[in-house]
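This report is written for a reader meeting the structure below for the first time.

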Amino acid sequence: MATGQKLMRAIRVFEFGGPEVLKLQSNVAIPIPKDHQVLIKVQACGVNPVDTYIRSGTYSRKPLLPYTPGLDVAGIIEAVGESVSAFKKGDRVFTTSTISGGYAEYALAADHTVYTLPEKLDFKQGAAIGIPYFTAYRALLHSARVKAGESVLVHGASGGVGIAACQIARAYGLKVLGTAGTEEGQKIVLQNGAHEVFNHKEANYIDKIKKSVGEKGVDVIIEMLANVNLSNDLNLLSHGGRVIVVGSRGPIEINPRDTMAKESSIIGVALYSSTKEEFQQFAAALQAGMEIGWLRPVIGPQYPLEKVAQAHEDIIHSSGATGKMILLLK
């Protein structure tokens with residue numbers, strides 16, 4: 001390590017495994033931004049289910065060990081590399097990705113993955129925008145190609161991506177239905193754009209949805225837990241309906257015949273398949289949402305850096321998400 005290099009606290013992962021592999025270290029070198037990079041003093045960082053998949057070593061993308069997890073941070077620009085003209089020291093920003101990892105006091109990011117955070121949103125909300133809102137926007141507008149007047153069912157609507165999907169769908173003129181597993185979750189879903197909400201822990205909730213949408217069925221389903229719901233989803237769809245798979249935690253048996261009469265589609269979505277241009281397009285639409293006021297992240301459980309293992313445990317095993325889980329670094 002270069003002498004005189006400043007140090008920071010950061011979470012490091014030296015081997016893939018359970019939450020216990022997340023190690024807090026206080027002697028990690030603060031990275032220096034190169035060309036087209038910025039250094040952000042992190043105020044808050046989003047915790048996403050994908051962080052746990054990467055940490056366990058079961059995800060398609062495996063980082064080189066050791067690494068620091070965390071993709072979407074919010075904070076203040078500390079330094080900029082050469083060729084960076086869009087940002088300067090002191091700017092409030094959020095990211096959709098980091099180079100050095102967001103579970104740290106400072107994070108390096110490529111300038112094209114960094115966006116201005118409006119004054120009306122605080123850093124906690126800033127850390128809740130990146131992956132949830134960009135994923136929800138891609139799922140609805142790019143993958144499902146939703147049109148105003150269509151109906152959308154958001155499964156698991158009280159979590160980070162779910163709330164984002166409800167707010168975006170409502171802003172774009174869709175009829176929005178959501179599911180949540182707790183009373184608090186259901187209330188949050190109704191407060192954030194859904195016209196109706198259903199408790200997915202009730203035995204007959206599918207019948208209630210069918211009754212609500214009638215013969216036609218639902219046009220689009222945003223699916224966070226395909227390994228549980230996909231078979232039911234296919235029966236709920238309208239003719240030409242689309243299930244957009246945002247999340248799945250294992251295999252499921254379905255009957256492909258359920259897609260035939262309705263000519264329905266099952267479409268997977270992965271945010272990082274987006275091109276730079278698509279990210280810019282999503283960002284422009286979401287920035288407008290922040291300005292107009294329909295983009296309002298809801299913050300769920302908050303953890304200090306020391307409790308990151310607990311956060312990873314809770315995001316997978318706690319029943320009923322309510323808002324976006326974040327780490328606080330102030």
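UniProt, in an unreviewed entry, places the feature "domain: Enoyl reductase (ER)" at residues 17–327; UniProt positions follow the numbering used here, feature names are shortened, and annotations may be inferred rather than shown by experiment. The end C-alpha atoms of this span lie 20 Å apart, and the span is 31% helix and 26% strand. Helices (H or I, at least four residues) and strands (E, at least two) are DSSP runs, numbered from the N terminus.

The model is predicted: local features need pLDDT of at least 70 and side-chain atom pairs count only at pLDDT 80 or more, while totals for chains, interfaces and linings use all residues. Residues are numbered from 1 along each chain as its sequence is written, and side-chain values use heavy atoms, with hydrogens and water left out.

Strand β3 covers residues 37–46, and nine of its 10 residues are buried, so the strand is largely enclosed by the rest of the structure. Buried means under 20% relative accessible area, exposed means over 50%, and partly exposed lies in between (1.4 Å probe, protein chains only).

| Partner of β3 | Residues | Bridges | Direction |
|---|---|---|---|
| β4 | 73–80 | seven bridges | antiparallel |
| β6 | 106–110 | five bridges | antiparallel |
| β15 | 324–328 | three bridges | antiparallel |

Individual residues show how these pairings are arranged. Gln37 stands opposite Ala110 in β6, and Leu39 stands opposite Ala79 in β4. In β15, Leu327 is the bridge partner of Cys45.

## Aromatic rings

How many aromatic pairs does the structure hold? There are nine. Rings of Phe, Tyr and Trp (its six-membered ring) pair if their centres lie within 6.5 Å; planes under 30 degrees apart count as stacked, over 60 as edge-to-face and the rest as tilted. One of the pairs, formed by Phe134 and Phe279, is tilted, with 5.9 Å centre to centre and 40° between the planes. This pair links distant parts of the chain: Phe134 belongs to helix α3 (residues 130–143) and Phe279 to helix α8, 145 residues apart. Both Phe134 and Phe279 are buried.

Another pair, Tyr172 with Trp294, is edge-to-face, at 6.4 Å centre to centre and 80° between the planes. Tyr172 lies in the loop between α4 (160–171) and β9 (175–180), and Trp294 in the loop between α8 and β14 (299–304), so the pair ties together parts that are 122 residues apart in sequence. Tyr172 is partly exposed, with a relative accessible area of 30%, whereas Trp294 counts as buried at 17% relative accessibility.

A charge sits over a ring if NZ of Lys or CZ of Arg is within 6 Å of the ring centre and within 35 degrees of the ring normal. Arg61 lies over the face of Tyr272, 5.2 Å from the ring centre. The charged end of Arg92 sits over the ring of Phe123, at 4.7 Å from its centre.

## Ser274

Is Ser274 buried or exposed? At 10% relative accessibility, Ser274 counts as buried. Ser274 is placed in the loop between β13 (265–268) and α8 (276–292). Its side chain joins that of Arg138 through a polar contact of 3.0 Å and reaches the backbone oxygen of Leu271 at 2.6 Å. A polar contact is a pair of N or O atoms within 3.5 Å; within protein, one must be able to donate a hydrogen and the other to accept it, and residues adjacent in sequence count only if both atoms are side-chain atoms. Leaving aside residues up to four places away in sequence, Ser274 touches Arg138, Phe279 and Phe282, where contact means heavy atoms within 4.5 Å.

## Backbone details

The peptide bond from Leu65 to Pro66 is cis, with omega near -10°. Pro66 lies in the loop between α1 (49–56) and β4.

Ser83 is not a glycine, yet has a positive phi of about 75°. Ser83 is found in the loop between β4 and β5 (92–95) and is partly exposed, with a relative accessible area of 46%. Arg145, also not a glycine, has a positive phi of about 50°. Arg145 is located in the loop between α3 and β8 (151–154), and counts as exposed at 58% relative accessibility.

Note on methods:
Pairing = 2+ DSSP bridges.
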